[in-house]
Amino acid sequence: ANYISPAVNGAADMIAHINANGGVFGAQLELIHYETEGSLEVGVSAFNDIAAADSAALVVLVYDPWLALALAPLAAEHKIPILTTAASDDALYSIADGYVFSLAPTYSDQMVRVLTFLYRNWADYQPIAVDTVNLAVFSWPEGYGHDAYTTEVADYLDELGINLVYTVEIPRAYTVDITNEAVEANTALAN
């Protein structure tokens, strides 16, 4: 995927910088990249290869939230920490004393932060002059979309008095036309 190359290059640059400055307590780091092409099976197999190696990894970086979730029990079993930029609540919290750590807020945390900001600043951001916030959520079934809107987020919306008036899961594709869904959200008075 087009976002993986910059991540791998950034990690390589970071490791080169760390190694040029003495490494970690004198140990030099090595980057080993596995391309999973979005396959959980390939990702789990790669992790098992890493865990079985004589010099098991100190840490594994994972981008895919579903892969982080699938690897959570293996990470705990092998005591290999996983750092992820795309964590779901389940990947982070489903295993007590787990080994999955997020480098960024989870999608549900990000959703709550954005909605809290909008709620507190509604007078400045409202598209039309209304007092109520009516929310439409467009999501998709994979981790990035699915994990943003959880039961906890829905409960928080209720506490704030934000009305969820429309939700839809759409297929993740660059050619999807969501015109009908946008019209339905508008008909539901989403603002």
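## Close-up views of selected residues, cores and strands

**View A. Surroundings of T150.** T150 touches D89 and S108 when residues up to four places away in sequence are not counted, a contact being heavy atoms within 4.5 Å. The structure shown is a predicted model, in which local features need pLDDT of at least 70 and side-chain atom pairs count only at pLDDT 80 or more, whereas totals for chains, interfaces and linings use all residues. Residues are numbered from 1 along each chain as its sequence is written, and side-chain values use heavy atoms, with hydrogens and water left out. T150 is found in the loop between α7 (143-146) and α8 (151-160); helices (H or I, at least four residues) and strands (E, at least two) are DSSP runs, numbered from the N terminus. T150 counts as buried because its relative accessible area is 17%, where buried means under 20%, exposed over 50% and partly exposed in between (1.4 Å probe, protein chains only). The side chain of T150 also makes a polar contact of 3.2 Å with the side chain of E152. Such a contact is a pair of N or O atoms within 3.5 Å; within protein, one must be able to donate a hydrogen and the other to accept it, and residues adjacent in sequence count only if both atoms are side-chain atoms.

**View B. The largest nonpolar core and a second, separate one.** The largest nonpolar core has 16 residues, of which F47, V60, V62, L71, I82 and V100 touch the most other members. Two or more residues of this core are given by each of α2 (40-52), β1 (60-62), α3 (65-78) and α4 (89-93), and α3 provides the largest share, six residues. A nonpolar core is here a set of buried Ala, Val, Leu, Ile, Met, Phe, Trp, Tyr and Cys residues joined through side-chain atoms within 4.5 Å. With its neighbours within four places in sequence left aside, V62 is in contact with L67, A68, L71, I82, L83, T84 and T85.

**View C. The open sheet of three strands.** The strands lie in the order β1-β2-β3 and their pairing is parallel, two strands being paired if DSSP finds at least two bridges between them. β1 and β3 (100-102) are the edge strands, each of which pairs on one side only. From one strand to the next the twist averages 30 degrees, with axes taken as lines fitted to C-alpha atoms (for helices over the stretch in contact) and angles running from 0 to 180 degrees between N-to-C directions. β1 and β2 (residues 82-84) run parallel and are joined by three bridges, and within this pair L61 stands opposite L83 in β2. In a regular strand the side chains alternate between the two faces of the sheet.

**View D. The pairing of β4 with β5.** Strand β4 (residues 134-139) is mostly covered, five of its six residues being buried. β4 pairs with strand β5 (residues 163-169) in the parallel sense over six bridges, and the bridge partner of S139 in β5 is E169.

**View E. Two residues with positive phi.** Most residues other than glycine have a negative phi. E37, although not a glycine, has a positive phi of about 50 degrees; E37 sits in the loop between α1 (4-20) and α2 and counts as exposed because its relative accessibility is 71%. L189, also not a glycine, has a positive phi of about 75 degrees and lies in the segment after α9 (179-187). With a relative accessible area of 59%, L189 is exposed.

**View F. A53 and I18 in the setting of the whole chain.** A53 has its place in the loop between α2 and β1 and is partly exposed, with a relative accessible area of 35%. A53 and I18 are 35 residues apart in sequence, and their C-alpha atoms are 23 Å apart in space. The protein has nine helices and five strands, which follow the pattern α-α-β-α-β-α-β-α-α-β-α-α-β-α along the sequence. Its radius of gyration is 20 Å, well over the 16 Å that the globule rule gives for 191 residues, so the protein is more spread out than a compact globule; the radius is taken over C-alpha atoms, and the rule is 2.2 Å times the number of residues to the power 0.38. The C-alpha trace spans about 60 × 30 × 30 Å along its principal axes. Of the 191 residues in the protein, 31% are buried. Among contacts with a separation of 6 or more, 50% are between residues 24 or more positions apart.
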